[in-house]
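Please keep the sequence and the model open while reading.

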Amino acid sequence: MFHVKHNRIESMFEEYDVIVVGAGHAGCEAAHAAASMGSKTLLVTMNLQNIAQMSCNPAMGGVAKGQIVREIDAIGGMSGIISDHTMLQFRMLNRSKGPAMWSPRCQSDRMEFALLWRDTLEKNLNVDFWQEMAVGLLVKDNRVTGIKTALGLEIKAKSVVLTNGTFLNGVIHIGEKHYGGGRTGESAAYGITEQLVQLGFESGRMKTGTPPRVDSRSINYAAMEEQKGDEDPEKFSYTDTPHLKEQHSCWISYTNEKVHDELRKGFDRSPMFNGRIQGLGPRYCPSVEDKINRFAEKNSHQIFLEPEGRSTVEMYVNGFSTSLPEDIQYNAIRKIPGFENVKMFRPGYAIEYDYFPPTQLKLSLETQLIDNLYFAGQINGTTGYEEAAAQGLMAGINAHLKVHEQDQFILKRDEAYIAVLIDDLVNKGTEEPYRMFTSRAEFRTLLRQDNADIRLSEKANKINLADDARVQRVKQKVAGSDEIYTELQKIKVDPSDINGFLESKNSATIRERATLFNLLKRPEINIQDLIGVNKNLETLTAKYDREITEQAEISVKYERYIEKELAMAEKVNKLENLNINAEFDYEKLTSISIEARQKLKKIKPQTLGQASRISGVSPADISVLMIHLGR
């Protein structure tokens, strides 16, 4: 791709539409999205063998995260499809709660997942690859024009997406040892942070960690509790991906006081407690030493043993993330029931890395300071594959749209968890690794995992990402669900035909004919029950997949909640439709608080709705702003 001429390197690269730096979950989704939409895309990574590595746990989805994976799939991203092809186990979490809380999660084959992602990208003819460290950006007149590499190459591009993960000035900590690295066995990335700070960006430090990996052959499973997958496993993608046939179990054990005492022996050598680590770690995924220090009254903590793949004996010890010295890790883990004779493949470690507070971004994930430069993933202060992949998808989409002079693709908070994620980051910022939860979404009854395709596929089709086949599937799903919904209102049953069944369910009997629709509203009755006792409903639902029948059931049971949230969303969206000029002078708003003026100047909200969600901006401040906007 280049040759030496007159003692200098002359680049042989074409000018790309989009360069993506980093090939983790964010980078892969960004490159795939931009290239699939028609942009000539270059994916730059320090090691092509490590594309789409699951650096931490071998799993996708979970509470709120599973909803994000389904949204990525509905938009036309690949995380859901690749998860379906490479999963080892599937569980739908929170089934005992309402459908707004149901969250799909799978255990993944780490190696198969990465191989399939690479294969997917290589089959996309708009994706080129380059293996090297990016050390800086080419910037002219506050617009990015490409990247600089460690070899001295300058590669031109109309836009750049940075997805550097934990590699920016990364430092790995194990006890008193510490050394530069972005991941175990891989070098840290240098140069980009320093240049961005010179350009006026604010940076910070964060920390995350990972547990030891152990040898399955040395585990005593008889001393542990088996956790199997769902009997009838579902999947992430709305497309025709394969259903999981053979599942692998996970295993549960618990720490105890002996484990805790052993861990405490290393506290004086802990980089967390002796001040060497300055960055904040993830609040909701603390290290084991942090757990026993903060929750000293608890004498045990749950440990999950998770398989890394079909063809390896390596296991992941979820819940035992640590940066204590390796001898302390080894002695402590051997006191967990089932781990008495365990052999470690490698110790756990903590990693500290640079991030850039996301209040410096637009909702499109483009930076405010440099045009056509986008940030996605842990560089924005998030944690988790799913959050990273979602940002990568949106950054890749918007980088493509920007260089082709089209409107940016920005979702609203009532349309997607992805929107909640980005909106929270941009408007509220984060000083600790951000993790998505269902509680962060005020419209979570609307943002269920079952209807992501209905919410998003048609929108994605309009920007040429989700294909026509997806939209057709959505229309068929909606039509089928509507038919079942309508028929439930029509089908009536006599007391003599249904009261015996109702008594068996401890449900009140009826005195006159009733519709199946009204009976289904009862919390103790589900649609499968009614299918079992009514031939007409059984005949109707037999021609539809389970997800369509389930969609109809949710529409019936949660009708009032859905209507209430739709009304709330409509009220909120009136503010979203009131745009604010990017050049608006907030200094003239002398009647609002100084904090509000400072926050509005820094974040530069695009709409009145966005302004109302900035921390430090009060409803009274919004009223003043509305008056000045002539509203």
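## Strand 7 and its partners

Strand 5 (residues 59-61) and strand 7 run antiparallel and are joined by three bridges. Helices and strands here are DSSP runs numbered from the N terminus, with at least four residues of H or I for a helix and at least two of E for a strand. Two strands count as paired if DSSP finds at least two bridges between them. In this pairing, Met 60 stands opposite Cys 106 of strand 7. Strand 7 also runs antiparallel to strand 6 (residues 87-93), and six bridges join these two. There, Met 87 stands opposite Ser 108 of strand 7.

Is strand 7 (residues 103-108) enclosed or open? Six of its six residues are buried, so strand 7 is largely enclosed by the rest of the structure. Buried means under 20% relative accessible area, exposed means over 50%, and partly exposed is in between (1.4 Å probe, protein chains only). Both faces are covered: Ser 103, Arg 105 and Gln 107 are buried on one side, and Pro 104, Cys 106 and Ser 108 are buried on the other.

## How the model is read

This is a predicted model, in which local features need pLDDT of at least 70 and side-chain atom pairs count only at pLDDT 80 or more, while totals for chains, interfaces and linings use all residues. Residues are numbered from 1 along each chain as its sequence is written, and side-chain values use heavy atoms, with hydrogens and water left out.

## The chain as a whole

The protein chain has 21 helices and 24 strands. Its radius of gyration is 26 Å, close to the 25 Å that the globule rule gives for 631 residues, so the chain is as compact as a globular protein of that length. The radius is taken over C-alpha atoms, and the globule rule is 2.2 Å times the number of residues to the power 0.38. Along the principal axes, the C-alpha atoms fill a box of roughly 90 × 70 × 50 Å.

Of the 631 residues, 58% are buried. The chain exposes about 26700 Å², and carbon and sulfur atoms supply 48% of that area. These areas come from the Shrake-Rupley method with a 1.4 Å probe; for residues, only the protein chains shown count as cover. Among contacts (heavy atoms within 4.5 Å) with a separation of 6 or more, 72% are between residues 24 or more positions apart.

## Salt bridges

A salt bridge is a side-chain nitrogen of Lys or Arg within 4 Å of a carboxyl oxygen of Asp or Glu. By this rule the count comes to 52. One of them joins Asp 17 and Lys 158, at 3.4 Å from N to O. This pair links distant parts of the chain, with Asp 17 in strand 3 (residues 16-21) and Lys 158 in strand 11 (residues 154-162), 141 residues apart. Asp 17 counts as buried because its relative accessibility is 11%, whereas Lys 158, at 37%, is partly exposed.

Another salt bridge joins Glu 234 and Arg 546, whose closest N and O atoms are 3.6 Å apart. The two residues are 312 residues apart: Glu 234 is in the loop between strand 16 and strand 17 (250-254), and Arg 546 is in helix 17 (residues 546-557). Glu 234 is buried, at 12% relative accessibility, while Arg 546 is partly exposed, at 37%. Salt bridges also form a network that links Arg 413, Asp 423, Asp 424, Lys 428, Glu 442, Glu 576 and Arg 613.

## Residues in loops

Where is Ser 218 found? It is in the loop between strand 15 (213-215) and strand 16 (225-227). Ser 218 counts as buried because its relative accessibility is 11%. A polar atom of its side chain lies 2.7 Å from the backbone oxygen of Asp 215. Leaving aside neighbours within four places in sequence, Ser 218 is in contact with Gly 338, Asn 341, Val 342 and Lys 343.

Ala 52 has a phi near 55°, a positive value in a residue other than glycine. Ala 52 lies in the loop between strand 4 (41-45) and strand 5 and is buried, at 0% relative accessibility. Asp 141, also not a glycine, has a positive phi of about 50°. Asp 141 is in the loop between strand 9 (134-140) and strand 10 (143-149), and at 68% relative accessibility Asp 141 counts as exposed.

Key:
Polar contact = N/O pair within 3.5 Å; in protein donor to acceptor, adjacent residues only side chain to side chain.
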